[in-house]
Amino acid sequence: MTTAQARPELDVQPTPLALLLLGREADPRSERGVECPGDLPSPSDPDLVERARAAKEKLGDKVFVLGHHYQRDEVIQFADVTGDSFKLAKDAAARPEAEYIVFCGVHFMAESADILTSEDQKVVLPDLAAGCSMADMATAEQVAECWDVLSEAGIAEQVVPVSYMNSSADIKAFTGKHGGTICTSSNAKRALDWAFEQGEKVLFLPDQHLGRNTAVREMGMSLDDCVLYNPHKPNGGLSVEQLRDAKMILWRGHCSVHGRFSLDSVNDVRERIPGVNVLVHPECKHEVVAAADYVGSTEYIIKTLEAAPAGSKWAIGTELNLVRRVANAHPDKEIAFLDKTVCFCSTMNRIDLPHLVWALESLAEGNLVNRIQVDKETESFAKLALERMLALP
């Protein structure tokens, strides 16, 4: 599904694990291939910013650079638009004159951009090892096995799959093929309302926390209405009775960034900053969301802070690059990170300035690198699921 320029062979023979960590091997359990490009500019090159600017100017309207909110500042400065994953994919589709879409994000985001853009447009991911641990927690094989479990329990016909945008193209295609829809963190309730009009149960992929928080906080369900399907256990670790009694069958997946926030984090920040407003992303654990003052998507977080009065105090539970950026944008407000420990999205941060420079300079020289291309059958079913989301009331 992806093509990439190969890195020259190393003189030594590292172990398979070392190869994977170096980005020179593929993990068969992963949604992505992780071949990294050839010679990159040195991170210490003082001309990197100028080189990126020159390559982008040379490409002109042929290139459109997308920057996810969690990107580091050195990369985001070259983005033509910023946003969350779905907004960026739609922005790319709205620029048909751009031959190259350079997506500064992670693999599933670039896949979504390829699905939504025209055949003439080519989506490029500066580092193919920029994946998403949450998306990797649900593979096509695991989800197909789960559906077999649901079929054997006699409930598959009652189940409607709803998949979070943060999923691979294969999972989106599965969702489309089985009559389901995609959701984002801002429209999850609308997607679930629609799903329960189609069937009696929902299989929510791959983030358990967004599914649980939406069902309990926004739809009035109880925690007992939700069961957790573990793909690493026989039958998901659930009995037939548990599956038949459940309304929400939650996949055992989570965001490695948002999953780090705890109830202790909330209690600690309230002690340290009297009068603080705690604002968190719905990918956080249920107990964190229940203890917060405000809960919402990345765009909701940004807009809430923009509208907040001067002098107000905020502790934000989301990725640190974004928190730092909004804090710098609003010096009249006290904006702190919810946790005491650093919490970057490590895979998102693989898109650094050397990789961006390499990708832009390669394109400027007429060399297409790191193209993300979804096969036609997968694309057709994934697009069907995305179109169902776009049609939600």
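Q: Is Trp314 buried or exposed, judged by its relative accessibility?

A: A word first on what is in view: this is a predicted model, in which local features need pLDDT of at least 70 and side-chain atom pairs count only at pLDDT 80 or more, while totals for chains, interfaces and linings use all residues. Residues are numbered from 1 along each chain as its sequence is written, and side-chain values use heavy atoms, with hydrogens and water left out. Buried means under 20% relative accessible area, exposed over 50%, and partly exposed in between, with a 1.4 Å probe and protein chains only. Trp314, at 5% relative accessibility, therefore counts as buried.

Q: How many aromatic pairs does a search of the whole structure find?

A: Rings of Phe, Tyr and Trp (its six-membered ring) pair if their centres lie within 6.5 Å, and planes under 30 degrees apart count as stacked, over 60 as edge-to-face and the rest as tilted. The search of the whole structure finds four aromatic pairs. In one of them, the ring centres of Phe261 and Phe337 are 5.6 Å apart and the planes stand at 65°, so this pair is edge-to-face. Helices (H or I, at least four residues) and strands (E, at least two) are DSSP runs, numbered from the N terminus. Because Phe261 lies in the loop between β10 (248-251) and α12 (263-272), whereas Phe337 belongs to strand β14 (residues 334-337), the pair ties together parts that are 76 residues apart in sequence. Phe261 is buried at 0% relative accessibility, and Phe337 is buried with a relative accessible area of 13%.

Q: Which kind of pair do the rings of Tyr294 and Trp314 make?

A: Their centres are 5.4 Å apart and their planes at 45°, so the pair is tilted. Tyr294 is in strand β12 (residues 294-295) and Trp314 in strand β13 (residues 313-317), so parts that are 20 residues apart in sequence are tied together by the pair. Tyr294 counts as partly exposed, at 32% relative accessibility, whereas Trp314 counts as buried.

Q: Where does the charged end of Lys177 sit?

A: A charge sits over a ring if NZ of Lys or CZ of Arg is within 6 Å of the ring centre and within 35 degrees of the ring normal. The charged end of Lys177 sits over the ring of Phe381, at 4.9 Å from its centre.

Q: How many disulfides does a search of the whole structure find?

A: A disulfide is a covalent bond between the sulfur atoms of two cysteines, and the criterion here is a pair of cysteine sulfur atoms within 2.5 Å. The search of the whole structure finds zero disulfides. Among the cysteines, Cys146 is buried with a relative accessible area of 0%, and Cys183 is buried with a relative accessible area of 0%.

Q: How many of the residues of α16 are buried?

A: Twelve of the twelve residues of α16 are buried, so the helix is largely enclosed by the rest of the structure. Among these buried residues are His355, Trp358 and Glu361. What covers them includes α2 (48-59), β2 (63-68), α3 (73-76), β4 (100-104) and β5 (122-124), where contact means heavy atoms within 4.5 Å. Helix α16 (residues 353-364) reaches 16 Å from its first C-alpha to its last, close to the 16 Å expected at 1.5 Å a residue, the expected span being 1.5 Å times one less than the number of residues. After α16 comes Gly366, whose phi is positive, near 90°.

Q: How many salt bridges does the count come to?

A: Side chains of opposite charge can pair when their charged atoms come close. A salt bridge is a side-chain nitrogen of Lys or Arg within 4 Å of a carboxyl oxygen of Asp or Glu, and by this rule the count comes to 15 salt bridges. One of them joins Lys189 and Asp193 (2.8 Å, N to O), which both lie in helix α9 (residues 188-198), four residues apart, about one turn of the helix. Another is formed by Arg270 with Asp293, the closest N and O atoms being 3.2 Å apart. That pair links distant parts of the chain, with Arg270 in helix α12 and Asp293 in the loop between α13 (286-291) and β12, 23 residues apart. Salt bridges that share partners also join Asp45, Arg51 and Glu361 into one network.
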